[in-house]
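Here is a short briefing to read alongside the model. Take a look at the fold first, and then we can walk through it together.

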Amino acid sequence: MKIGIIGAGNIGGNLTRRLTALGHEVSVANSRGPQTLTALAEETGAKPVTASEAAKDAQVVVVTVPLKAVPDLPSGFLDGAAEGFAVIDTGNYYPQQRDGRIDAIEDGLPESRWTEQQIGHPVIKAFNGTYAQDILDRGRPQGTPDRQALPVAGDDPAAKQAVRDLIDELGFDTVDSGGLDESWRQQPGTPVYGNRGDVDAIVKALSEASPERTAEFRA
């Protein structure tokens, strides 16, 4: 599968490592340019590209940049992607630590719905509450007892299934956490955020979420 990853921080870098190890053809971009990705490319075999090029022919595009940087992504950066491609949004809103105030999110718009509006394409919310190191260390074969599960939210059933299949390949179970309007259930400060539980634990955590944002994650 051709996969484009925009953002080479902890999550983007470790997804690049795992997905290339699984045999996928990965293009990776960051905000500083492909010349700064030489070490990651040499380590993994991924192709360093600009953000404008990362989605070319990709069947899955991972957007894993700070939320405040989403509006600065190049215009039309998704135009060259494969037909029926899925976009994974790993982002989180950290108003106090990083992103500043985003009024629409403060007013109750789910974070990934905001991202979707900024980039002009439906997104699937996944990996946002996952520890980056777990992507490397905690993957297990299907059927392993207590296999870690990740919540996945989105409106497009085909795109959501493609993402769930990819996560399964990475070694994790998944839980369908609903449409994107329900994706607040996996935002920072909720019981599922950072939760390493199995399917049952993740289902329970999602059910216990409150739409009220905790003080730590409000501007």
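How many helices and strands make up the secondary structure of the protein? There are 8 helices and 8 strands, counted as DSSP runs numbered from the N terminus (helices are H or I with at least four residues, strands E with at least two). This is a predicted model, where local features need pLDDT of at least 70, side-chain atom pairs count only at pLDDT 80 or more, and totals for chains, interfaces and linings use all residues. Residues are numbered from 1 along each chain as its sequence is written, and side-chain values use heavy atoms, with hydrogens and water left out.

**Overall size**
- The C-alpha atoms fill a box of roughly 45 × 40 × 30 Å along the principal axes.

**Helices α1 and α7**
- Helix α1 (residues 10-21) packs with helix α7 (residues 157-170) at an angle of about 80 degrees, their axes 10 Å apart.
- That makes α1 roughly perpendicular to α7 (the word covers angles of 65 to 115 degrees).
- Leu15, Arg18 and Leu19 of α1 make the contact with Leu166, Glu169 and Leu170 of α7 (contact means heavy atoms within 4.5 Å).

**The largest pocket**
- The largest pocket holds about 680 Å³ of space (a pocket is an open set of points on a 1 Å grid where a 1.4 Å probe fits, with protein on both sides within 12 Å along at least five of seven lines).
- Its lining has 31 residues, with Gly9, Thr64, Val65, Pro66 and Arg98 nearest the centre (lining residues have an atom within 4 Å of a point).
- Helix α1 gives the most to this lining, with 3 residues.

Technical notes. Axes fitted to C-alpha atoms, helices over the stretch in contact; angles between N-to-C directions. Parallel < 35°, antiparallel > 145°, perpendicular 65-115°, else oblique. Points joined across faces, edges and corners; volume = space filled by probe spheres on them.
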